[in-house]
Amino acid sequence: MPSPAADYDELQAEIGRRFASLSRQLQRIARFTLERPQDVALDTVAAVAGKAQVQPSAMVRFAQALGFDGYTDMQRIFRDRLVQRSGSYRDRIATLRRGAPAASRPGAVLRDFVADSIANLSHLEEHVAPERLERAVELLAGASRIHVLAQRRAFPVACYLSYALAQLELPVGLLDGVGGMVREQARAMRANDVLVAVSFRNYSPEVLELAADAHRRGVAVIVITDSAVSPLARHATVAFDLGDASDRPFRSLVEPLCLAQALVVSVGHVLTAQQRPPRQRAAAARRRKP
């Protein structure tokens, strides 16, 4: 039996490592705990089990699979996390909105999306470790060529990244799959390149397949996804999981776009500090390739 995690970050990492080996029912619980940690912190085991659509005994088995004596011991990790961030905008907005009936008037819909976006942005920094940001920026700034891949809801994030990185005069290509040619486009990736892959539930099979193929070929893969247990994260050199709850019918793109902007601007700072035109640097990297 594994030793139990000492804090939420360790627990999140352990769930990500063990996710593929868990039963389907325990995988459902794993997703729920990562997407709705506040519920796990505050509710009884019966209430959490009801929301996750499992039996309370399954919640106990999940905790024990992670090395805890029982559910209460695991819940302590989530409660400690809640205490540390008790003043966040997300909690305040959740308190204000609790129990409010859904409204369909356009103004109310706009207010609802604004509130969700503010709440999502308020916890973005908690989910993005500075060392991962620095590593991703290093990979992008040093790549011979950058390839950007996304489909469906995530496609606007890829479009922005390809546009903005091109404005920095970096060699970048959008794998847009026009004419059903996305696999053919992906064949151009080489070992000194970087692939940025973006996908959220329900994950695009082609994005998962091409990210896995790039990883096998030695291409560095930067992933932007919604959860530490996302199948896309398994193929990542650097993975950003945004902790995006998956039970909303319309999920915001504010978080991934904000992260994308931070990456672009940070890469720009690196290039400016190097004081070397990026196209010359990319050409030099290709010359160094054996």
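## Strand S3 and its partners

Together, 5 bridges join strand S1 (residues 146-150) to strand S3 (residues 194-198), and the two run parallel. Strands here are DSSP runs of E with at least two residues, helices are runs of H or I with at least four, and both are numbered from the N terminus. Two strands count as paired if DSSP finds at least two bridges between them.

S3 also has S4 as a parallel neighbor, again through 5 bridges. Within that pairing, Val-196 has Ile-222 of S4 as its bridge partner.

## About the model

Please keep in mind that this is a predicted model, in which local features need pLDDT of at least 70, side-chain atom pairs count only at pLDDT 80 or more, and totals for chains, interfaces and linings use all residues. Residues are numbered from 1 along each chain as its sequence is written, and side-chain values use heavy atoms, with hydrogens and water left out.

## How buried is S3?

Which way do the side chains of S3 point? Val-194, Val-196 and Val-198 point one way, Leu-195 and Ala-197 the other way, and all are buried. Since 5 of the 5 residues of S3 are buried, the strand is largely enclosed by the rest of the structure. Buried means under 20% relative accessible area, exposed means over 50%, and partly exposed lies in between (1.4 Å probe, protein chains only).

## The sheet and its helices

Zooming out, the open sheet has 5 strands in the order S2-S1-S3-S4-S5, with parallel pairing. Its edges are strand S2 (172-174) and strand S5 (238-241), each of which pairs on one side only. From one strand to the next, the twist averages 15°. Helix H10 (residues 130-142) packs on this sheet and touches S1, S3, strand S4 (220-225) and S5, and its direction makes about 130° with that of S5. Contact means heavy atoms within 4.5 Å. Axes are lines fitted to C-alpha atoms, for helices over the stretch in contact, with angles from 0 to 180 degrees between N-to-C directions.

## The whole protein

The protein has 15 helices and 5 strands. Of its 290 residues, 49% count as buried. Among contacts between residues at least 6 apart in sequence, 70% join residues at least 24 apart.
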